[in-house]
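Trainee: Hi, I have a structure open and would like to talk it through with you. Can we go over it bit by bit?
Mentor: Happy to, let's bring it up.

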Amino acid sequence: MAGAGYAPKRVTMADALRQARENAGTYKGIWSWIGTVDHKRIGLLYGLTAFFFFLVGGIEALLIRLQLATPDATLLNPDQYNRIFTMHGTTMVFLVVMPLSAAFFNMVIPLMIGARDVAFPRMNAFSYWAFLFGGIFLNVSFFTGGNILRGELGAPDGGWFGYAPLTLNRFSPGNGIDFWMLGLQILGVASLAGGFNFVVTILNMRAPGMTLFRMPLFVWMTLVTSFLIIFAMPVIAVALFELSFDRLFDANFFNAAKGGTPLLWQHMFWLFGHPEVYILILPAMGIVSEVLPTFSRKPLFGYPFVVFSGVAIGFMSWGVWAHHMYTTGLGSVANSAFGVSTILISIPTGVKIFNWMATLWGGSIKFTTPLYFSVGFIAMFTIGGLTGVTHSIVPSDYQQQDTYYIVAHFHQVLFGGAMFGLFAGIYYWFPKFTGRMMHEGWGKLHFWIMFIGFNLTFQPMMILGLMGMPRRIQTYPDGYGYGFWNMMATVGAFMIASSILVFMYNVVRSLKKGEIAGDDPWDGRTLEWTIPSPPPAYNFAQIPQVHALDDFWHRKYAEDPKGRPIPVPAGASDHASHDEHADGHGIHMPSPSYFPLIAAAGLPLIATGLIYDMAIVAAGALVLLVGLYGWILEPATE
Amino acid sequence: MRHRHLSRLAALAAFLVAALAFSGCSIFDSPQNTFAPAGEVARDQKNIFFLTMWPALAILVLVEGLLLFILLRFRHREGDDGLPQQVHGNNKLEIAWTIAPVLLLAFFVPPTIGGIVDLGRTPKDAVVVDVNGLQWKWLFEYPAADGGTPVQSADELHIPINKNITFRLHSADVIHSFWVPKLAGKTDVIPGRENHMWIKGTEIGTYSGQCAEFCGLDHARMRFTVVVESEEDYQSWLKQQAAAQDGSGQPALARTEGD
């Protein structure tokens, strides 16, 4: 870099930046990660961060389970308990399942559609940094309640659903709720950036020939999820803004004493919250729809029906929100309407389950770890779906609302469903991104401990709910018959935790000693398996031409008239002329940039300022402005 | 052969579930058990729950059994390197498994709407009680016929047997939910709003109730009891309460919402 001349050039800001960008471009060292705009690296950062929060949320879950294991327990006092269960729910929804799904969008979508990156690589980086800062900001609240070592926690205490007016200053005077409402706003910005990015990426950056109905199912489900994010996040944003006005500026949106409407919060929260449930589950459904065909060695049964049922779920998810509110006194007409709409949404969900089973039917099923987790998904999600149907029976739901029956139900969907699906995805794509296989034995051990632990944890909760145990209670008296089932659930929770240790060991072990994967270890069907593992920075040396659904499979196998596959002899395929392993020389990739990070850093500063001092708001706004300004002026490639 | 094993397994599982549900085994005993109702509303709610629970359990066993069957039947066998027939779909099947659930679920709609309407009505000749939820206790008020000072009690509700009781639900602070599992499902108690629900106790006894909506620090301890008693006992309890109140000069509870 240094010139040969002996009059050393003054190092300007621009030079420093260029140098930094060059360092980032070398793909080595911490700065290359901080400045990265590569979708695979951002995806990995998303995944690792979300997994870290998964451990945090998991420890919170274990504390809850320890407290509830026996009657009249005093491990956590009511204040600590309320803060910890609030953070458990908030963390698992916003900092674990959503970003883990985003990790898969990032890592897999460009590869599946034959693209070199996402549509807006820097916005993608911004999305990650905003998520990271939002997550840290939320968790910092733990330290604001006094001396944390003496158990004085400062986290929010209003539940992840934050029902007003309990969240107003009068009933929750600390700063916990402030951190919660502003933290969720930051995370909302991150989600929106991601949502727009993936809609545009999927619609505009597909390889030539990949029509919408040649897109892999995971791409479809990502598209539907991204649209749901785009429409749902603004709803919660408005609700959170109103709450912020109430808390920070003494407005009265939810203050009944001054004519405000507590129920307004619930309508908005669940109008966001129910699509959110599908934001959490649809990506996992997409993953399962990729894994099952690969290991049954058959195409997905009823592809258009699986696609359209996913789209139908996306639309219908907007019409069921008040089934969270049957007991609020909406009246018979509203309760009937939402009861019926809740019945209806189970139909496309059922269609998906039938199609997955028909995919397995007649296959030659290879029992790999990803298949185990996908089958676990179907088995557990079916329970979640059926208990969901019982919620549409409004009169009996008056009994189950706000009991452990509901807790059991949504864990069937979000853990038995979403998390099992996401673990299937991790085992499935791990070889693609690391170049090494995960160990099958440890993987199956992980599955079985988690599967048994899961059932031990959540099926007793169903019984507890029917036995009349309400949710969100810090303890219960002896003599209510809850002790036995709660103890069982606690034992199950620790089994789940130990299965996660097995998983972590497996990852570390496989990274070092895993079998070398090769490009296509599973005999895959989609484009990501056509390129080297791990993929080069530019993904595809040559952008592929797509001729069919499951294009890669059809390059490998032809079908005779009776639908029996015949392997295509090597070299005979008309696609063989592609040289997939060209060295990629001369491919222009977007340059790294630090500005998304700087812009994102402005957000938590603004939020901190809103809580403590308006001067920090100004500083945060300045940082955001500098970030955006630099971002705009920076050339996209050099 | 395997078919028979599986169906036997399924039958065994169904039997176990049924046995557990009906055994009255002590691990299911709870003063708040929704499956052991002591009032008309809770009984109707239990029955309608069973109406969906049994078909749902049957479908569950069917689906999980079929899944298990598929996994065993179509597993990859060692040495079999051929690929299976590449079936892409079947429109008739798709239509069948879309329509069949619709028909099954349509069966649940009339009892659902019937139940909603029945629970939403205001019964005639009902005893009216005002329920006030506060952080973290319940205050019950029995309006006097002559418009005088209502009879009050805290965390203990007395009602006459076999009579419709209508509750007017008020909150003085945050949202609570009024719930006596053995007598009726819950209704939320929301500030700035008056909700209604009705119950009818059909067995004399003392029943456990609890706030069901998270309401802050002592939510778990916001409990109360409901005493279902004969008309005579109820009347004498009312008199006793009224006398005690006159003696102490306890003021009527001001139902202020908010500040």
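Trainee: Where is Pro534(A) in the chain?
Mentor: Pro534(A) sits in the loop between α15 (483–513) and α16 (551–556) of chain A. Keep in mind that this is a predicted model.

Trainee: And what kind of peptide bond joins Ser533(A) and Pro534(A)?
Mentor: That bond is cis, with omega about -10°. There is also a cis peptide bond from Ala164(A) to Pro165(A), where omega is near 5°. Pro165(A) belongs to the loop between α5 (121–140) and α6 (176–204) of chain A.

Trainee: Back to the loop between α15 and α16. What is phi of Asp550(A), which is found there?
Mentor: Phi of Asp550(A) is near 55°, a positive value in a residue other than glycine.

Trainee: Is Asp550(A) buried or exposed?
Mentor: Asp550(A) counts as buried, because it has 22 C-beta neighbours inside 10 Å. The cut-off for buried is 20 or more.
Mentor: Asp402(A) is worth a look too: its phi is near 60°, again positive in a residue other than glycine. You'll find Asp402(A) in the loop between α12 (394–400) and α13 (404–434) of chain A. With 22 C-beta neighbours inside 10 Å, Asp402(A) is buried.

Trainee: Nice. What about Pro567(A), buried or exposed?
Mentor: Pro567(A) counts as exposed, because it has 10 C-beta neighbours inside 10 Å. Pro567(A) lies in strand β2 (residues 565–567) of chain A.

Trainee: Which residues does Pro567(A) touch, leaving out those up to four places away in sequence?
Mentor: Lys556(A) and Tyr557(A). As for Thr387(A), it is 180 residues from Pro567(A) along the chain, and their C-alpha atoms are separated by 44 Å.

Trainee: Changing topic: how many residues of chain A are in contact with chain B?
Mentor: 80 residues of chain A are in contact with 77 residues of chain B. On the chain A side, α4 (78–112), α8 (262–296), α9 (303–316), α10 (332–360), α11 (369–391), α12 and β1 (557–559) each supply at least two residues.

Trainee: Which of those gives the largest share?
Mentor: α10(A), with 14 residues. By class, the side of chain A that touches chain B has 43 nonpolar, 28 polar and 9 charged residues.

Trainee: Over to chain B, then. How is it divided into domains?
Mentor: Domain 1 covers 2–23 + 30–72 + 93–119, and domain 2 covers 125–247. The C-alpha centres of these two domains of chain B lie 34 Å apart.

Trainee: Let's do the sheets. What is the strand order in the open sheet of 5 strands in chain B?
Mentor: The order is β3-β2-β1-β5-β8, with mixed pairing. β3 (151–154) and β8 (195–199) of chain B stand at the edges with a single partner strand each, so one side of each has no neighbour in the sheet. The twist averages 25° from one strand to the next.

Trainee: How many bridges join β1 and β2 of chain B?
Mentor: 5 bridges join β1 (residues 127–134) to β2 (residues 137–142) of chain B, and these strands run antiparallel. One place to look is Val131(B), whose bridge partner in β2(B) is Phe140(B).

Trainee: And what is the order in the open sheet of 3 strands?
Mentor: β4-β10-β9 in chain B, also with mixed pairing. The edges are β4 (156–160) and β9 (205–210) of chain B, each with a single partner strand, so one side of each is left without a neighbour in the sheet. Between β9(B) and β10 (residues 223–229) of chain B there are 6 bridges, and the two run antiparallel. Tyr207(B) stands opposite Val226(B) in β10(B).

Trainee: Last one: what is the mean pLDDT of chain A?
Mentor: The mean for chain A is 92, and 93% of its residues reach 70 or more. Over residues 1–5 of chain A, though, the pLDDT is below 50, and this stretch has 2 contacts in the model beyond near neighbours in sequence. Where pLDDT is low, the predicted coordinates should not be read in detail.

Key: Residues are numbered from 1 along each chain as its sequence is written. Chains are lettered from A and ligands numbered from 1 in the order in which they are written. This is a predicted model: local features need pLDDT of at least 70, side-chain atom pairs count only at pLDDT 80 or more; totals for chains, interfaces and linings use all residues. Two strands pair if DSSP finds at least two bridges between them. Helices (H or I, at least four residues) and strands (E, at least two) are DSSP runs, numbered from the N terminus. Domain bounds come from an automatic or database domain assignment. A residue is buried if 20 or more other C-beta atoms lie within 10 Å of its own, exposed if 12 or fewer, and partly exposed in between; C-beta atoms are placed from the backbone. Two residues are in contact if their C-beta atoms, placed from the backbone, lie within 7 Å. Ala, Val, Leu, Ile, Met, Phe, Trp, Tyr, Cys and Pro count as nonpolar, Asp, Glu, Lys and Arg as charged, and the others, Gly among them, as polar. pLDDT is the predictor's confidence in each residue, from 0 to 100. Axes are lines fitted to C-alpha atoms, for helices over the stretch in contact, and angles run from 0 to 180 degrees between N-to-C directions.
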